[in-house]
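Please keep the sequence and the 3D view at hand.

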Amino acid sequence: MDTPICDFVRDYRQSGVLRLHMPGHKGTPFLGCEPLDITEVPGADDLSRPEGIIARSERNAAALFGAGRTLYSTEGSSQCIRAMLRLATLWEPGRTGRPRILAARNAHRTFVSACALLDLDVVWLMPDGARQSLCSCPVSPAQVDEAIRREAPWAVYLTAPDYLGGSPDLASVARACRFHGVPLLVDNAHGAYLKFLSPSRHPMDLGAVMCCDSAHKTLPVLTGGAYLHLNREAAERVGPYAKGAMSLFGSTSPSYLILQSLDLCNRYLSEGYPEKLAALLPRLDELRELLARAGWRVLPSDPLKIVLAGRSRGYTGAQLAGLLRQADIQCEFADLDAVVLMVTPENLPGLEKLRWWAELDLPARPALPERILPPLPPPVRRMTIREGALAPSRLVPVDQAVGRVCADLTVACPPAVPIAVCGEEISPEMARLFTLYGLDAVRVVEEP
Ligand SMILES: Cc1ncc(COP(=O)(O)O)c(C=O)c1O
């Protein structure tokens, strides 16, 4: 597959032209990468209105992902999520009133900031019953179907995979959405690679009409590189607004380093990536088995994550992360229960270290009780998300916050999954969770 952005920048670099333009480093290698860091010089195209090399590269990505249209982001899935929600408000021309989105509660805080910026209403889908982590929010297709009938939302928004690698039954949820004519939007920040499994488990192949992928999370792309995918129907209905929606939330100086990285990734994906993935997966299964035999609980997850819980061996997730770090292994995330290890084919040369660690005879400790989070009562909304986010506010200790209105965008457990969202009344149950996650103060709306 060709790499038009990389080719252009390479030629520009080699031309030796005197750079009397931005950026101020002028191509001098301070970090080393500066010669490749350019701006919109003639021929370099324009990410906000691409007609040349960027348009060609985005078309390459769309072909690889089987999308009706793919747009690059140099500002992560965060930018794509905001744009995707903006496009959802344009789905049915002429529909009026404040747009209402039906969303699973384990949405990343970026979703909440998008709702504040776009003044959207959210009807939250809460998980059925108790769960072990706020990161997961198992919602059933029947629950979504019932909520669509009740709420007539403008869109349904799910996070899949979530931070622990869990996912609702997207194909069945998509069928329910299609039946009601409601677009399904998916935050697939953690799952760009799912397209290249056999068969594909990518949300666009399971029925999402739009989704974001953080290319940088699971593919060999620089931090910030992401895709917004539109299926064919979305490309027809809202495609003409898509670049405008991305520009609304993006910088006017997109990084050409990240654009080159996305461009080069197209070639990487087209040259044997599915085979590399297929070769990696059995290695990960072996490692999971080894870790389970060593006494760690291996939680179900998407194929490129290994999620380990150690309470039965006496370790919290954070303590387990500490043990791994002592062995020179850095996890992606750890909380009170589990650690999340994210693996890609680029880890293959180093994976022996994890095998070696799994075989270590670590000291046994008294088991810690398994922790189940009590179901949270449905949140009580006292202001819109936007009003709560923009209201004058102050920081108060958690024990004085109960009954007050949350003014933090989200009060979140790591990694940015909300316990409380701005505009909601802080309940005693929320306050108990703040304390459990080590928060001692939260921002509340000033009362007159
Ligand atoms: C589930 C989820 N969605 C969205 C985001 C935002 O993605 P990005 O960092 O690419 O902007 C993250 C970031 O960690 C995430 O975990």
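## Basis

This is a predicted model: local features need pLDDT of at least 70, side-chain atom pairs count only at pLDDT 80 or more, and totals for chains, interfaces and linings use all residues. Residues are numbered from 1 along each chain as its sequence is written, and side-chain values use heavy atoms, with hydrogens and water left out.

Helices (H or I, at least four residues) and strands (E, at least two) are DSSP runs, numbered from the N terminus.

## Salt bridges

Side chains of opposite charge can pair when their charged atoms come close. A salt bridge here is a side-chain nitrogen of Lys or Arg within 4 Å of a carboxyl oxygen of Asp or Glu. The count is 24 salt bridges.

Take Arg149 and Asp145. Their closest N and O atoms are 2.9 Å apart. The two residues sit four residues apart in helix α5 (residues 141-151), so about one helical turn separates them. Arg149 is exposed, at 55% relative accessible area; exposed means over 50%, buried under 20%, and partly exposed in between (1.4 Å probe, protein chains only). Glu151 pairs with Arg150, with 3.1 Å between the closest N and O atoms. Arg150 is partly exposed, at 47%. A network of salt bridges links Arg100, Glu146, Arg150 and Glu151.

Glu424 and Arg381 also form a salt bridge, at 3.5 Å from N to O. Glu424 lies in the loop between β14 (417-421) and α15 (428-436), and Arg381 in the loop between α13 (352-358) and α14 (385-390), so this pair ties together parts that are 43 residues apart in sequence. Glu424 is buried, at 2%. Arg381 is partly exposed, at 30%.

Helix α9 (residues 232-249) has a kink of about 75 degrees at Val238, shortly before the proline Pro240. The bend is the angle between axes fitted to the seven residues ending at a residue and the seven starting there. Val238 is also one of the buried residues of α9, which include Ala234, Lys243 and Phe249. The buried residues of α9 pack against α2 (53-65), β1 (69-73), α3 (76-88), α4 (109-118), β6 (210-213) and β7 (226-230).

Asn231 is in the loop between β7 and α9. At the start of α9, a side-chain oxygen of Asn231 comes within 3.1 Å of the backbone nitrogen of Glu233. Asn231 is buried, with a relative accessible area of 18%. Leaving aside neighbours within four places in sequence, Asn231 is in contact (heavy atoms within 4.5 Å) with Gly68, Met204, Ala208 and Val209.

## Pocket and cavity

Both searches use a 1 Å grid over the protein atoms alone: a cavity is a set of points where a 1.4 Å probe fits but cannot get out, a pocket is an open set with protein on both sides within 12 Å along at least five of seven lines, and lining residues have an atom within 4 Å of a point. Grid points are joined across faces, edges and corners, and a volume is the space filled by probe spheres set on the points.

The largest pocket holds about 370 Å³. Its lining has 17 residues, with Gln330, Leu341, Met342, Val343 and Asn347 nearest the centre. α8 (215-218), β11 (338-342) and α13 each supply at least two lining residues.

How many cavities of 30 Å³ or more does a search of the whole structure find? There is one. The largest cavity has about 40 Å³ of space. Among the residues lining that cavity are His190, Lys217, Asp302, Lys305 and Met342.

Terms used: A polar contact is a pair of N or O atoms within 3.5 Å; within protein, one must be able to donate a hydrogen and the other to accept it, and residues adjacent in sequence count only if both atoms are side-chain atoms.
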